Amino acid sequence: MKEVDIVIIGGGPAGLAAAVSAYDAGVRSILILERDKELGGILNQCIHNGFGLHTFKEELTGPEYAQRFADQVRERSIAYKLNTMVLEISRDKVVTAMNREDGLFDIQAKAVVLAMGCRERSRGALNIPGFRPAGVYSAGTAQQLVNIEGYMPGREVVILGSGDIGLIMARRMTLEGAKVKAVAELMPYSGGLKRNIVQCLDDFGIPLLLSHTVVDIHGKERVTGVTIAEVDGNLKPIPGTEAFYSCDTLLLSCGLLPENELSRAMGVEMNRATNGPVVNESLETSVSGVFAAGNVLHVHDLVDYVSEEAGAAGRAAAEYVRSGGEHSGGHEIPVATEGGPRYTVPCTIGPQKVGETLTLRFRVGSVMKDRFVSVYLDDERVTRRKRQVMAPGEMEEVKLTRTMFDKHPDLQRITVKVEEA
Amino acid sequence: METRHLTCICCPIGCQLEVKMENGEVISVTGNNCPRGAAYGRKEVTDPTRIVTSSVRVSGSVTGAKAVSCKTAGDIPKGKIFDAIRDIADVIVPAPVHIGDVVKANVADTGVDMVATKEVI
């Protein structure tokens, strides 16, 4: 069987960054497996700008950002296979994959980085009643059709959900001549970035209906319209508020789900809040030598953070290979949360394994104003930062350092708290 | 005196800006966390501009690519967005195309070029 030190599942932003950092940490035997026909993942269809402000200090479009990392992979002559579908990963890290050139093949990996990304929540998962006419697309599918294939999926559009892809597509469809009648959002706040509300909706006079949802889809062969109703505090439609919107297309932008079929099948322990693997400070899953980063781990708002996180996973995988896995697992403390965070990544921290710095990322469950984000090691507050506004659509982060942990040799508890100002 | 409330679009933080104006002149911008925000606040109330991204058709790609993504190389006036999109509607560029190649010079008479943002071979 072919043997490779690090196999990376997915050639999107996470997989590319993990490969580059693992290489730069000294590993030469690396293989990226990508199911699409090119590297770059979802960035290839995200043709809008706004990527890379943190990483490259300039605003790039998605394809440009992807190209920067793909170039780094090629400069290092890191191996990759395109059009290749990974079918299974065993607990002892045999990766089974297939493509047209090699057929079905197995690779024995010393370490694996899971970087499969996420997919969109579909109509079936939303339980919207009505017929099954043509014209109902996920926002990302519409994005693929317009930006890659060059087709317009419709002329009169309603968008359900105000995730960033939905907002971006509201603008894109408008620019291409469609009439976007409304964006309906179930929650009382948008799931997208504020800048996208301004430059994708407000710029074009597209109404954002907060606390509204689609309660019926009309049309038998093709969508002819949707019924939108206001919802109450329990997110239930309020009778009498229904309004009909004539349209031929309904786009769904209702959240992203990490794509963890491979992880689950190999028995990786999952986090119910993120739908991603439970990971420690090294971004290592419950299976020794299997690491995770990017949207497969938890859905990010910015690709810059995906690259940063995946870089850390790549370095951890390289260290695992170098040391033969001797530091894997061990004593780990679960990260507790109070006052708002729905989860943290990592979920557990082995204090003795923390490097120079450690980034903790999390999201809050509701919009919060004038709070402090603090981290406590036992009863000592080691960091505290003011946050004017936090929203579920935006990821939060706190940085911890090796020095903080060195002062607590008998550490028992790690707590991330959101506190009133 | 007139006060305008804006959301900054320079970065994902989305600062809430307050721009104070008198006789069409900006007196102050507050609420921003960086100099880019102040500049945006000033510009947005006097001469709003945007980067425009889109795609144009490609011919002769060996990979079968049908379109190549593109952007304005700099900001163009907000009022010219649709003119720019109309101006590239019939553009077909022959492959290969490289990042930064001009797909439409001086798009919609803005003095700004529309450039490719993807490698297509």
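This is a predicted model: local features need pLDDT of at least 70, side-chain atom pairs count only at pLDDT 80 or more; totals for chains, interfaces and linings use all residues.

## How helices are described

Let's begin with a general idea. Two packed helices are described by the angle between their axes and the distance between the axes.

Start with helix α1 of chain A, which spans residues 13–24. The axes of α1(A) and α2(A) come within 9 Å and cross at roughly 35°, and this crossing is left-handed. On the α1(A) side you will find P13(A), L16(A), A17(A), A19(A) and V20(A), which meet A66(A), F69(A), A70(A), Q72(A) and V73(A) of α2(A). Sorted by class, the residues in this contact of α1(A) with α2(A) are 9 nonpolar, 1 polar and no charged.

Now look at helix α8 of chain A, residues 303–323. α1(A) packs with α8(A) at an angle of about 40°, and their axes are 7 Å apart. The two helices are therefore oblique to each other. Here α1(A) passes α8(A) in a right-handed crossing. Residues of α1(A) in this contact include P13(A), A14(A), A17(A) and A18(A), while those of α8(A) include V303(A), V306(A), S307(A) and A310(A). The contact of α1(A) with α8(A) divides into 13 nonpolar, 4 polar and 1 charged residues.

## Helices α5 and α6

What is the angle between α5(A) and α6(A)? Helix α5 (residues 164–175) and helix α6 (residues 194–201) of chain A pack at about 20°, with axes 8 Å apart. That angle makes α5(A) roughly parallel to α6(A). The crossing of α5(A) past α6(A) is left-handed.

In α5(A), the residues D164(A), L167(A), I168(A), A170(A) and R171(A) meet N196(A), I197(A), C200(A) and L201(A) of α6(A). By class, this contact has 6 nonpolar, 1 polar and 2 charged residues.

## Where chain A meets chain B

How many residues of chain A are in contact with chain B? There are 21 residues of chain A in contact with 21 residues of chain B. The helices α2 (62–75), α4 (139–149) and α6 of chain A each supply at least two residues to the side of chain A that touches chain B. The largest share, 4 residues, comes from α6(A). Taken by class, the side of chain A that touches chain B has 8 nonpolar, 7 polar and 6 charged residues.

## One face of α4

Which residues of α4(A) are buried? They are A139(A), G140(A), A142(A), Q143(A), V146(A) and N147(A). Looking down the axis of α4(A), you would see these buried residues within an arc of 155°, so they line one face of the helix. A general rule about helices is handy here: an α-helix has 3.6 residues a turn, so residues three or four places apart point the same way.

Just after α4(A) comes G150(A), with a positive phi of about 75°.

## A closer look at V180

Next, find V180(A) in strand β12 of chain A, residues 179–185. Is V180(A) buried or exposed? It has 25 C-beta neighbours inside 10 Å, so V180(A) counts as buried. Leaving aside neighbours within four places in sequence, V180(A) is in contact with V157(A), I159(A), A170(A), M173(A), T174(A) and I206(A). The C-alpha atoms of V180(A) and S211(A) are separated by 18 Å, and these residues are 31 residues apart along the chain.

## Details in the loops

Two peptide bonds deserve a look. The bond from V345(A) to P346(A) is cis, with omega near 0°, and P346(A) sits in the loop between β22 (333–338) and β23 (348–349) of chain A. The bond from A95(B) to P96(B) is cis, with omega near 0°, and P96(B) is in the loop between β8 (92–94) and β9 (102–104) of chain B.

Finally, check two residues with positive phi. K93(A), which is not a glycine, has a phi near 70° and lies in the loop between β6 (85–89) and β7 (94–99) of chain A. With 19 C-beta neighbours inside 10 Å, K93(A) counts as partly exposed. D109(B) is not a glycine either, and has a positive phi of about 55°; its place is the loop between β9 and β10 (114–116) of chain B. D109(B) counts as exposed, with 11 C-beta neighbours inside 10 Å.

Key:
Residues are numbered from 1 along each chain as its sequence is written. Chains are lettered from A and ligands numbered from 1 in the order in which they are written. Axes are lines fitted to C-alpha atoms, for helices over the stretch in contact, and angles run from 0 to 180 degrees between N-to-C directions. Angles under 35 degrees count as roughly parallel, over 145 as roughly antiparallel, 65 to 115 as roughly perpendicular and the rest as oblique. A crossing is left-handed if the near helix is turned anticlockwise from the far one by less than a right angle, and right-handed if clockwise. Two residues are in contact if their C-beta atoms, placed from the backbone, lie within 7 Å. Ala, Val, Leu, Ile, Met, Phe, Trp, Tyr, Cys and Pro count as nonpolar, Asp, Glu, Lys and Arg as charged, and the others, Gly among them, as polar. A residue is buried if 20 or more other C-beta atoms lie within 10 Å of its own, exposed if 12 or fewer, and partly exposed in between; C-beta atoms are placed from the backbone. The arc is that of the directions from the helix axis to the C-beta atoms.
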